[in-house]
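Okay, thanks everyone, I'll keep this short. Let me put the structure up on the screen and we can walk through it together.

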Amino acid sequence: MPSIAPFSAPGRFLRGNIHTHSTRSDGKLPVEEVIRTYRNAGYDFLSVTDHFLKEFDFPVTDTRAFSDDDFTMLLGAEVHAPRTEVSDIWHLVAVGLPLDFAPTTPDEDGPALAARAKAAGAFVGIAHPGWYSLSLSDAETLVAHAHSVEIYNHTCQVMHDRGHGAYLLDGLLDKGHRLTAYACDDAHFKAVDFGGGWIELKAETNSADDILAALKAGQFYSTQGPRIDDIRIEENHLAVRCSPAARVLVTGQGYLSSHTSGTAMTRASVDLAPLKGSPWLRVIVTDDMGRNAWSNPVWR
Ligand SMILES: [Zn+2]
Ligand SMILES: [Zn+2]
């Protein structure tokens, strides 16, 4: 049986972070220092997503001059508009925005803004849902205009112990909404909030266009450290090759799940019988330090 995405796709893996802040909004470091930090750490691409708010003069931070053959910048912003059940504003990551993306208008709400960002060509992500108690009913108003949910936000974990978004992603999947999952730093550099969550994306070249297309197509997995080399779905089991793991978990609809645990496993086979009847599944590889790698959801 074939490998699932992104392992089945041609190209090579690129490491990237798509949610970061600089002094163009409330980050601590100037944009060139933010970019240097990621570049020196071996990342292949980055989006500086400053807060697209009036108080910061609605920035789509211009980072084009920092792209070269080895490193790719994607223009983006974290966009905001009223309102969720418990918060004044939505937090949405928009990667692949045009530089002249028009400021939000007073009558624009979160779903309208997400729709406009998507129409302008952006990959739209539902940022740190756990951090601000985003509800499933909030998210359902937005699913038509969003590609992905932040399954892990490192800053929200380090500073608030609210970095995880699986509850929202899985709730949406259970209702049939086909969103992907990405991890990010959301680094502001006001804490040790760098390098804790990223995506490994498969693309044929490192051009901004190819990276953006692969993002929208879900050709990536997310990680806090573990590497996933391959995932195959066979008749009755799922086969994984990965860096040394303590547990490989497959989760699905409701409480349905199945796992294999061991010591330094680099190959694992997980019985899929307990997931019979689940229309979707996703894989979590955990190392002996408790760090996760997350596949995108697979629809059967
Ligand atoms: Zn935010
Ligand atoms: Zn942010």
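So, start with the overall layout: taken over C-alpha atoms, the centres of domain 1 and domain 2 sit 26 Å apart. This is a predicted model, by the way, so keep that in mind. The domain assignment puts domain 1 at 12-223 and domain 2 at 228-299.

How many residues of each domain are in contact with the other? From domain 1 we have 11 residues, and they meet 10 residues of domain 2. On the domain 1 side, α5, β8 and β10 each give at least two residues to the touching face. If you sort that face by class, you get five nonpolar residues, four polar and two charged.

Now over to β10, which is residues 220-223, and which holds S222. Is that serine buried or exposed? S222 is buried, because 25 other C-beta atoms lie within 10 Å, and the cut-off for buried is 20 or more. As for who is around it, if you skip the neighbours within four places in sequence, S222 contacts I151, Y152, A181, Y182, A183, G197, I199, A293 and W294. Of those, A293 and W294 are numbered within the domain 2 range, 228-299. S257 is another matter: it's 35 residues from S222 along the chain, and their C-alpha atoms are 19 Å apart.

In general, nonpolar side chains in soluble globular proteins tend to be buried together. Here the largest nonpolar core has 78 residues, and the ones with the most contacts inside it are L92, A94, V95, L201, I211, V240 and V285. Strand β12, residues 237-252, supplies the largest share, six residues.

Not counting residues up to four places away in sequence, V240 touches I228, I231, V248, A268, V283 and V285. V285 is also on that list of residues with the most contacts inside the core.

How values were computed
Residues numbered from 1 in each chain as written. Chains lettered and ligands numbered in written order. Predicted model: local features only at pLDDT ≥ 70, side-chain atom pairs only at ≥ 80, totals over all residues. Helix = DSSP H or I, 4+ residues; strand = E, 2+ residues; numbered from the N terminus. Buried ≥ 20, exposed ≤ 12 C-beta atoms within 10 Å, placed from the backbone. Contact = placed C-beta atoms within 7 Å. Domains from an automatic or database assignment. Nonpolar A, V, L, I, M, F, W, Y, C, P; charged D, E, K, R; others polar. Core = buried A, V, L, I, M, F, W, Y, C linked by C-beta atoms within 7 Å.
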